[in-house]
Structure formats: C-alpha cells, structure tokens
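Open your viewer and keep the selection tool at hand. Each stop below tells you what to pick and what is there.

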Amino acid sequence: MPAAIAVNPVNVAYLITGVLFIFGLRYLSSPKTARLGNRLAALGMLIAIIAVLTQGIVQWWVIAIGVVIGAAIGIYSGRVVKMTAMPQMVALFNGAGGGAAALVAAGELLKRINADPDAALGPDVTFTIVLTSVIGALSFSGSIIAFLKLQEVMTGRPIVYPGQQVVNAVILLVVLVGAGFVIANNNILTWYWIALIAALVLGVLFVLPIGGADMPVVVSLLNSFTGLAAAATGFVLQNNVLIISGALVGASGTLLTLMMGRAMNRSITNVLFGAFGAVKEGAGASGSSTSGQNVRSVSPDDVGALLAYANQVIVVPGYGMAVAQAQHSVRELADQLEKRGVEVKYAIHPVAGRMPGHMNVLLAEANVPYPALYDMDDINPEFERTDVALIIGANDVTNPAARSDKSSPIYGMPILDVDKAQNVIVLKRSMKPGFAGIDNPLYDDPRTAMLFGDAKKSIDSVVSSVKAL
C-alpha cells in the first residue's frame with residue numbers, strides 16, 4: 001500500500017483562509033454582495049488567527065491582551081466613525097498594518113542577532129527583513145500624513161519647496177545604501193536603523209506634495225505597499241497565510257490605483273510628483289477664471305418647482321452630501337419626484353468623495369436602488385437629454401475647465417458632463433473651491449443656479465416644496 005500523505009492542518013487552514021480572502025475580494029466588487037464578501041474575509045481572518053495561535057509563537061496571555069485591545073479599538077471605531085471619516089480611518093488602519101509589518105521584521109532581526117551575535121545572516125534573510133521594514137515604515141508614515149490631510153488637521157493642498165525632488169532622491173539613496181549594507185552583513189544593526197528611519201522620513205515627504213483631490217489614489221497605493229510589506233513578512237516568518245493575504249492586498253491595491261489614475265486620465269507618476277492643486281502663479285493656479293459675479297442664487301421653492309416638472313433629473317453626489325449626511329434626504333426627494341413621474345438617476349464619478357466607492361456606500365446606506373447608479377461613461381450621454389442636473393457638493397469632478405482650459409491643473413481629466421444639461425442646480429455652503437482648491441467656471445454658467453446652505457437642510461426644504469405642489 002502506498003504511504004499515507006501527511007497533511008499539515010495549519011497549512012490546510014491557511015489554504016481555506018486564502019480561498020475565503022479571494023472570494024471576499026470578489027464579492028466586494030459589487031454593492032449587492034459586499035456584506036457577504038466582508039463576512040467571508042472576516043471568517044478567513046479568524047481561521048488564520050486560530051491557526052497561528054496553535055503554533056505557540058508567544059504566550060496565550062500576551063495574545064489575549066492584544067486581541068482584547070485590538071477588538072475594542074476596532075469595534076468602537078467601526079461603530080462611531082462617520083461615513084465622511086471613513087477614508088481617513090482606512091488610511092489610519094492601513095498605516096497600522098504597515099507599521100506592524102515593520103515591527104515584526106525588526107523583532108525577527110533582533111531575535112536572530114541575539115540568538116547568535118557572531119553568526120552571519122544569509123542574504124535571503126536580511127533581504128526580506130530590510131524589504132519588509134522599509135516598505136512597512138514608508139507605508140506607516142505616509143498613511144499618517146494622508147490621515148492628517150483627510151482629517152484636515154493639516155492642509156489638503158500640496159506642500160512643496162525648492163529642491164524637493166532632490167531631497168527625496170537623497171533620502172531614497174540613503175535607504176538603498178543602508179539596505180545594501182544590511183544585506184551584505186556589514187554592521188547590520190546600525191545600517192538597519194539608518195534605513196528604517198530614512199524610510200519613515202521618505203514616507204512623510206512622499207505624501208506631503210500630493211493634493212487632497214489625489215488622496216484616494218495615494219491611500220490606495222499605500223494600501224498596496226502595506227500588502228507587499230505583509231507578503232514580505234510572510235517570507236521572514238515562513239508563514240504562508242501572510243504571503244497569500246499580502247499578495248492579494250498588494251495586487252488589488254495596485255490594480256485599483258491604476259484604475260483610478262486611468263479614470264482621472266493621469267499617470268501614477270503625475271499623481272505622485274505633479275503636486276496637483278498646488279497654488280501657482282498665473283491662470284493655471286485656479287484652473288478657471290471664475291469671478292463669482294455671474295452666480296445666480298435660488299430658493300428651495302424655486303428648485304422644488306423646477307424638479308417637480310422635469311422629465312429626467314440626474315443627481316450628482318459628492319463630498320458635500322457626505323459631510324451633511326444628506327443621502328437619506330436625497331432618497332426621499334427621489335421618491336417624491338418618481339411619484340410625479342420624474343425619472344431620477346445618479347451619476348457616480350470614480351473619484352467622487354474621499355475614497356473609491358464612497359458615494360456608492362452612502363447611497364446604499366439610504367437604500368437607493370443599485371440600478372439607479374450609473375458610472376461616468378454610462379451617464380455622460382444622458383446629460384444632453386436631462387432637464388436638471390442636481391449637484392450636491394461635487395466640485396472638482398464637474399469642473400468643465402478639465403475640457404477647455406489647458407492651463408488648468410485638471411486639464412484632460414474625465415468629468416461628468418453636467419454643463420450639458422438644460423438646467424444645473426448646485427448645492428454648496430459657499431463659493432469656496434473644492435478639496436483640490438480649484439475654482440469651477442460652471443458656477444458662472446447662465447444655466448447654473450446655486451442653492452446655498454447645508455445640503456441636508458436644503459434638500460429637506462426642497463422635498464417640502466415638492467410635496468406642496
């Protein structure tokens with residue numbers, strides 16, 4: 001009889017985890033199955049944690065303390081965070097992942113050196129350790145800066161200074177030199193700390209010159225960095241599940257970054273080094289010549305009458321809707337209009353809001369039917385046949401300067417063609433530019449009218465006006 005094949009239950013658990021992660025990602029691609037995808041991924045993570053604990057890596061009480069603290073922070077954050085703050089929470093958690101990978105690599109290096117100070121570490125060990133540390137540290141510090149920008153603790157505008165690229169290049173060279181000496185087993189600890197600190201500084205300087213409008217792309221890119229760091233950690237610890245999960249995160253984050261860059265008609269290098277939204281001298285600084293002198297203000301009653309007697313209305317949600325938590329009011333307005341025979345559609349720009357899918361999540365929370373949500377390419381031909389385009393804070397993704405003004409920083413970026421509608425209603429608190437800091441000439445268009453105020457209160461007033469007709 002052939003010898004029985006020995007099956008390692010831990011590797012089987014890791015395989016199940018990998019499969020659950022793959023299906024979790026697959027189901028997250030659609031709002032209809034996103035909850036199932038989240039649950040499958042969470043189940044996979046639980047199985048992975050249990051499998052790791054059976055290896056006796058550390059004492060159980062240490063793990064218990066970590067689980068309690070981590071679970072408390074996670075549950076509290078998940079329950080109290082507002083949808084407007086979700087992007088910065090993603091950035092913060094992503095930074096925590098990168099920092100954890102760097103700490104694990106540093107701990108493994110110290111463990112091996114302390115075990116036998118005179119033994120030379122192989123290049124395979126030093127390479128994976130320093131790679132994990134550098135990528136994880138860069139992701140950690142970069143994500144913290146992204147969090148501060150999104151939270152508006154610091155300015156969302158690009159922070160630039162003369163010789164910035166030269167400084168970054170010098171710091172990158174320090175990282176590479178330090179990593180090279182670590183791999184060569186030359187004064188390992190000294191050069192390791194030099195490379196690690198330089199990577200932390202590089203992460204900060206890497207994100208500082210990136211404008212707020214590009215932050216979703218940067219968060220996605222940093223997420224892919226954290227995935228790569230986790231995968232490299234798997235090689236350091238010889239842990240298959242870390243390799244699988246890290247590779248999945250790295251690959252999906254990279255693809256998402258490229259897709260978002262394509263949606264903005266900009267290369268990743270332009271996003272990272274273009275200082276989009278920086279204040280410059282000349283016409284291109286604002287991206288338009290908006291003077292504000294031709295802006296026409298209307299009342300909720302005016303908007304209600306215009307919407308109630310329209311044939312087709314396209315709602316364009318943006319960050320203003322998220323800030324005001326107006327998604328439920330928008331759904332109520334759509335319900336009232338549909339009762340009067342008005343067709344209501346929603347135009348979703350790929351980078352509207354502060355993260356990919358931000359508007360989809362908000363509207364799904366308000367139970368807006370998924371078929372009513374249209375991607376940019378599908379909805380743009382509809383604007384010419386639309387009576388009213390209702391814009392709720394979507395400043396930058398509706399800016400026609402992207403089509404007409406070659407001096408504009410956003411020239412060439414695909415936008416929603418709201419200016420082709422018969423009437424345009426813009427809900428804003430003020431004439432302040434959007435997160436990118438670029439004026440919008442749409443507001444001077446004769447077909448555009450502004451409804452100033454909090455978006456939720458404004459829409460509630462419009463709903464009351466529609467009901468009264």
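Select Ile-65 in helix α3, residues 60-80. Helices here are DSSP runs (H or I, at least four residues), numbered from the N terminus. You are looking at a predicted model, where local features need pLDDT of at least 70, side-chain atom pairs count only at pLDDT 80 or more, and totals for chains, interfaces and linings use all residues. Residues are numbered from 1 along each chain as its sequence is written, and side-chain values use heavy atoms, without hydrogens or water.

Ile-65 is partly exposed because its relative accessibility is 44%. The cut-offs: buried is under 20% relative accessible area, exposed is over 50%, and partly exposed is in between (1.4 Å probe, protein chains only).

Next, go to Gln-151, in the loop between α5 (123-150) and α6 (164-183). Gln-151 has a relative accessible area of 37%, so it is partly exposed.

Move on to Gln-238, in the loop between α8 (215-237) and α9 (240-263). Its relative accessibility is 71%, so Gln-238 counts as exposed. Check the backbone: Gln-238 is not a glycine, but its phi is positive, about 55°. Most residues other than glycine have a negative phi.

Last stop: Gln-325, in the loop between α12 (319-324) and α13 (327-339). Here phi is positive too, near 50°. Gln-325 is partly exposed, at 29% relative accessible area.

Notes:
Helices (H or I, at least four residues) and strands (E, at least two) are DSSP runs, numbered from the N terminus.
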